[in-house]
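This report describes a protein chain from its computed geometry. Please examine the sequence and the structure before reading on.

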Amino acid sequence: MSMDGSLNMLGMGIAGLGAAIAIGLVFAAYINGVARQPEAQRVLQPIAILGFALAEAVFVLAIVFAFVL
């Protein structure tokens with residue numbers, strides 16, 4: 001059995017899938033929190049943006065590592 005291609009790219013795909021799931025969960029929790037308590041939007045919005053940025057940073061690091069290694 002021969003495997004063509006690079007395992008780095010497979011890892012990048014898995015990291016992309018993980019980042020997409022994480023971003024979806026972050027914003028689902030944000031929307032749920034604002035729907036339940038609209039006055040908490042000012043508190044929840046920066047936390048949601050920070051969660052988005054951290055999840056996206058993991059994917060960017062995966063891209064860098066996939067091409068460097």
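## Basis of the description

The structure is a predicted model, in which local features need pLDDT of at least 70 and side-chain atom pairs count only at pLDDT 80 or more, whereas totals for chains, interfaces and linings use all residues. Residues are numbered from 1 along each chain as its sequence is written, and side-chain values use heavy atoms, with hydrogens and water left out.

## Overall form

The protein contains two helices and zero strands; helices (H or I, at least four residues) and strands (E, at least two) are DSSP runs, numbered from the N terminus. Its radius of gyration is 16 Å, well over the 11 Å that the globule rule gives for 69 residues, so the protein is more spread out than a compact globule. The radius is taken over C-alpha atoms, and the globule rule is 2.2 Å times the number of residues to the power 0.38. Along the principal axes, the C-alpha trace spans about 55 × 25 × 5 Å.

Of the 69 residues, 19% count as buried, a class defined by under 20% relative accessible area, with exposed meaning over 50% and partly exposed in between (1.4 Å probe, protein chains only). Among contacts (heavy atoms within 4.5 Å) between residues at least 6 apart in sequence, 70% join residues at least 24 apart.

The expected span is 1.5 Å times one less than the number of residues. Helix 2 has 28 residues and reaches 40 Å from its first C-alpha to its last, close to the expected 40 Å.

The buried residues of helix 1 are Met12, Ala15, Gly16, Ala19, Ile23, Tyr30, Gly33 and Val34, and they pack against helix 2 (41–68). On helix 2, Ala48, Ala55, Ala62 and Ala66 are buried, and the cover over the buried residues of this helix includes helix 1.

## The loop between the helices

Glutamine 37 is found in the loop between helix 1 and helix 2 and counts as partly exposed, at 42% relative accessibility. The C-alpha atoms of glutamine 37 and glycine 11 are 26 residues apart along the chain and separated by 39 Å.

Proline 38 lies in the loop between helix 1 and helix 2 as well; at 52% relative accessibility, proline 38 counts as exposed. A separation of 47 Å lies between the C-alpha atoms of proline 38 and serine 6, which are 32 residues apart along the chain.

## The surface

The protein exposes about 5300 Å², of which carbon and sulfur atoms supply 74%. Accessible areas come from the Shrake-Rupley method with a 1.4 Å probe; for residues, only the protein chains shown count as cover.

Val60, Leu61, Val64, Phe65, Val68 and Leu69 form a nonpolar surface patch with about 610 Å² of accessible area together. Patches are made of residues with over 30% relative accessible area and no salt bridge, like charges being joined within 9 Å and nonpolar side chains (Val, Leu, Ile, Met, Phe, Trp, Tyr) within 5 Å; a salt bridge is a side-chain nitrogen of Lys or Arg within 4 Å of a carboxyl oxygen of Asp or Glu. Valine 60 is found in helix 2 and counts as partly exposed at 44% relative accessibility. Leucine 61 also lies in helix 2 and, at 48%, counts as partly exposed. Between the C-alpha atoms of leucine 61 and arginine 36, 25 residues apart in sequence, the distance is 35 Å.
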